[in-house]
Amino acid sequence: MTDTVGLLHPGSMGSAFGAQLRARGHIVLWCPDGRSEATRRRAEQAGLEAEALPELVSRSDVLLSLCPPAAAEETASQVADLGAASAGTIYVEANAVSPSRVQGVADRLAPMPVIDAAVVGSPPVGGKSPTLYLSGPSKQADRIAELFASTDVRPHILDDSIGKASALKLAYSSYQKVSRVLAAVAYGAADTYGVADELMVIAAKRTRSYLVETDYIPKTAARAWRWGPELEDAAALLADAGFPDSLMHAAAATLARWDDNRDQRLDIAGALEALRGQGDLDQPS
């Protein structure tokens, strides 16, 4: 079965998704209005078909939104304002936005069905296979999963609740992307003081992600009273080396929410509840 997919808008990830769909025989449309020359080249290389936005919307069986997160609502509003989608068109909100923003998109586009989607991994080029997580109405989610069957994009359906895919993406991003920033400033500070090679030796001793070590969360809570002051000194180190220190101060402020749990034996749920329950402490007066 050949579907027509309207791609909003083909950046590096979107054009790679479009190329995967084209290779499977689907028609992939894009709108060149206001797009850069680089975007035009990507679209041409991926074999995408140019259309004005009204025609793109009216022709598409699936509208796939893969754009900068800040433009997610505007893109959905442009589609809603046209009101020209064919009966049964599915809108796939695949941007890295919060669950509440996805729900806002769904409300704006109703009654058009919306699938909440999240891409984890690099663009599907050169043998790379990102996962496309899907949540939302089961019939439509199944159809999107089938759309990407036999491509290098691996669909994975979570459940029928809008927001699950976006929550998973941002929960992962909150660790993965901030970790990259922390790696940059840590390496920069070590390099400034001539100990970068030694830092790499220490780092190489670890073989897995801290993110999988959830059993360490209660230990972090119990030791927060010691870790917080250490991170304030780390902030001073970064500042002296000319690097931003705000992440260290923020981490110390987060640890301070566990001040009442000094050396306590908590379970994971208890540690997280203690962390969540102090939300009003950091609010400005």
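I took two rings of Phe, Tyr or Trp as a pair if their centres lie within 6.5 Å, using the six-membered ring for Trp. The model I looked at is predicted.

**Entry 1: ring pairs.** I looked up how many aromatic pairs this rule gives, and the count comes to two.

**Entry 2: Phe-17 and Phe-148.** I find the ring centres of Phe-17 and Phe-148 5.5 Å apart. Their planes stand at 70°, and the cut-off for edge-to-face is over 60 degrees, so I log the pair as edge-to-face. I then looked up where the two residues sit. Phe-17 belongs to helix α1 (residues 12-23), while Phe-148 is in the loop between α6 (138-147) and β8 (154-157). The pair therefore ties together parts that are 131 residues apart in sequence. I note both Phe-17 and Phe-148 as buried.

**Entry 3: Tyr-216 and Trp-227.** Here I read 6.4 Å between the ring centres of Tyr-216 and Trp-227. The planes are at 20°, and under 30 degrees counts as stacked, so I log this pair as stacked. Tyr-216 lies in the loop between α8 (196-204) and α9 (217-240), and Trp-227 in helix α9 itself, 11 residues apart. Tyr-216 has a relative accessibility of 30% and counts as partly exposed. Trp-227, with a relative accessible area of 29%, is also partly exposed.

**Entry 4: charges over rings.** I also looked for charged ends over ring faces. I note the charged end of Arg-206 over the ring of Tyr-210, at 3.9 Å from the ring centre. I also note Arg-262 over the face of Trp-225, 3.4 Å from the centre of that ring.

Terms used
Residues numbered from 1 in each chain as written. Predicted model: local features only at pLDDT ≥ 70, side-chain atom pairs only at ≥ 80, totals over all residues. Heavy atoms only, no water. Helix = DSSP H or I, 4+ residues; strand = E, 2+ residues; numbered from the N terminus. Buried < 20%, exposed > 50% of the residue type's maximum accessible area, 1.4 Å probe, protein only. Lys NZ or Arg CZ within 6 Å of the ring centre and 35° of its normal.
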